[in-house]
Amino acid sequence: MKIPLKRKLGGLISVIIFVIAAGFYIAKEYDHIFDFTPAPSPTVNGSCSVHFIDVGQGDSSLISCNGVNVLIDAGENNKGDDVLLKLSELGINKLDYVIGTHAHSDHIGGLDTVLNAIEVENIILSDLPDKLVPTTKTYTDLLEAIVENEVNLIPAEAGESFDIGGGKLTILSPITDSYKDLNNWSIVTRFVYGDTSFLFMGDAEETVENDIIDRSTLRSTLLKVGHHGSSTSSSEAFLNAVRPDFAVIEVGKGNSYGHPSAQTLSLLRNIGAAVYRTDINGDITAVSDGKNITITCENEG
């Protein structure tokens with residue numbers, strides 16, 4: 001059994017380690033083979049919304065579909081309250097699933113605040129190799145919140161799918177234990193609602209893109225661009241496989257990383273994608289009726 005965070009952490013964290021590890025172990029004991037073959041588009045009723053929440057230099061996305069809510073990341077440590085405010089504005093007081101794409105603070109930093117404030121039924125995390133398990137306060141705060149709030153832990157398994165209000169959310173990656181950095185351990189997911197689809201890349205880089213090009217259906221109506229538009233992601237081959245009509249970049253205004261890169265923006269223009277950015281457009285909402293996606297923005301830019 002692989003035990004995360006088995007370094008010099010005592011007291012309460014030792015209990016957390018045991019519970020988290022047990023959750024991963026039990027789930028793996030009942031592992032099974034998942035079918036990556038795309039199913040025919042189901043008949044859908046009503047509309048489904050995906051909200052890209054402006055949390056500055058970080059990620060936070062919310063799928064809200066026929067009463068089922070999925071939060072993907074919650075920005076930096078000081079952005080949890082901003083995410084909670086957005087949930088309150090949308091009338092959401094329960095999350096069916098939370099996905100922490102990977103253990104960097106600009107993605108999972110605000111998740112403990114969310115878990116401590118509202119009901120969360122399930123959380124999906126990658127089962128990291130021991131040498132990559134962070135000992136940061138950000139990560140251990142999240143583990144504490146999971147245990148204290150009795151949130152069901154689901155280890156990310158490529159190919160596993162979840163019914164989300166008549167839509168289907170499928171985990172595409174991580175697909176191997178060989179990744180050597182946390183960005184490439186990002187949980188990559190694709191959400192299909194009727195004839196429309198959304199691809200969420202976390203901070204997955206070109207290595208992961210190459211791994212999933214031949215393994216998974218990637219063609220998607222909307223792409224949440226990987227790694228804030230960095231040149232380490234969004235390769236030409238990958239974008240040609242996805243061919244999104246819309247691309248959303250979650251990025252902070254005037255960030256010190258130079259995100260998004262000119263290269264990424266050029267490649268997106270070359271495939272004809274309409275690009276939206278949280279640093280320019282603020283909160284971005286994509287509404288699907290199962291046939292088409294309509295985009296609205298807090299700021300038109």
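These questions and answers cover the cavities, cores and aromatic pairs of a predicted model.

Reader: How many cavities does a search of the whole structure find?
Author: Two, each of 30 Å³ or more.

Reader: What makes a space a cavity?
Author: A 1.4 Å probe fits there but cannot get out. The largest cavity has a volume of about 80 Å³. The second largest cavity holds about 50 Å³.

Reader: Which residues line the largest cavity?
Author: Among them are Gly100, Thr101, His102, Leu125, Tyr139 and Trp185.

Reader: How do you know which class dominates that lining, nonpolar, polar or charged?
Author: Count by class: seven residues are nonpolar, four are polar and none is charged. Tyr139 and Trp185 line this cavity, and Tyr and Trp count as nonpolar. Gly100 lines the cavity too, but Gly counts as polar.

Reader: What classes line the second largest cavity?
Author: Three residues are nonpolar, three are polar and four are charged. The lining includes Asp59, Asp73, Lys224 and Glu250. Asp, Glu and Lys count as charged, so these four belong to that class.

Reader: What makes a set of residues a nonpolar core?
Author: The residues are buried, of nonpolar kinds such as Leu, Ile and Phe, and joined through side-chain atoms within 4.5 Å. The largest such core here has 54 residues. Leu71, Leu95, Leu115, Ile123, Leu199 and Phe238 have the most contacts inside it. Helix 5, residues 137-148, gives the largest share of this core, with five residues.

Reader: What does Leu115 touch, leaving aside its neighbours within four places in sequence?
Author: Leu115 is in contact with Val98, Val120, Ile123, Leu142, Ala145, Ile146, Asn149 and Val151. Contact here means heavy atoms within 4.5 Å.

Reader: Which residues belong to the second core?
Author: That separate core has 32 residues, including Ile154, Phe162, Ile187 and Ile295. Ile187 also lines the second largest cavity.

Reader: How many aromatic pairs are there?
Author: The count comes to four.

Reader: Why is the pair of Tyr179 and Trp185 called edge-to-face?
Author: The ring centres lie 6.3 Å apart, and the planes are at 90 degrees.

Reader: Why is the pair of Phe191 and Phe198 called tilted?
Author: The centres are 6.1 Å apart, with 35 degrees between the planes. Stacked needs under 30 degrees and edge-to-face over 60, so this pair counts as tilted. Both Phe191 and Phe198 are buried, and buried means under 20% relative accessible area.

Technical notes:
Residues are numbered from 1 along each chain as its sequence is written. This is a predicted model: local features need pLDDT of at least 70, side-chain atom pairs count only at pLDDT 80 or more; totals for chains, interfaces and linings use all residues. Side-chain values use heavy atoms; hydrogens and water are left out. On a 1 Å grid over the protein atoms alone, a cavity is a set of points where a 1.4 Å probe fits but cannot get out, and a pocket is an open set with protein on both sides within 12 Å along at least five of seven lines; lining residues have an atom within 4 Å of a point. Grid points are joined across faces, edges and corners, and a volume is the space filled by probe spheres set on the points. Buried means under 20% relative accessible area, exposed over 50%, partly exposed in between (1.4 Å probe, protein chains only). Helices (H or I, at least four residues) and strands (E, at least two) are DSSP runs, numbered from the N terminus. Rings of Phe, Tyr and Trp (its six-membered ring) pair if their centres lie within 6.5 Å; planes under 30 degrees apart count as stacked, over 60 as edge-to-face and the rest as tilted.
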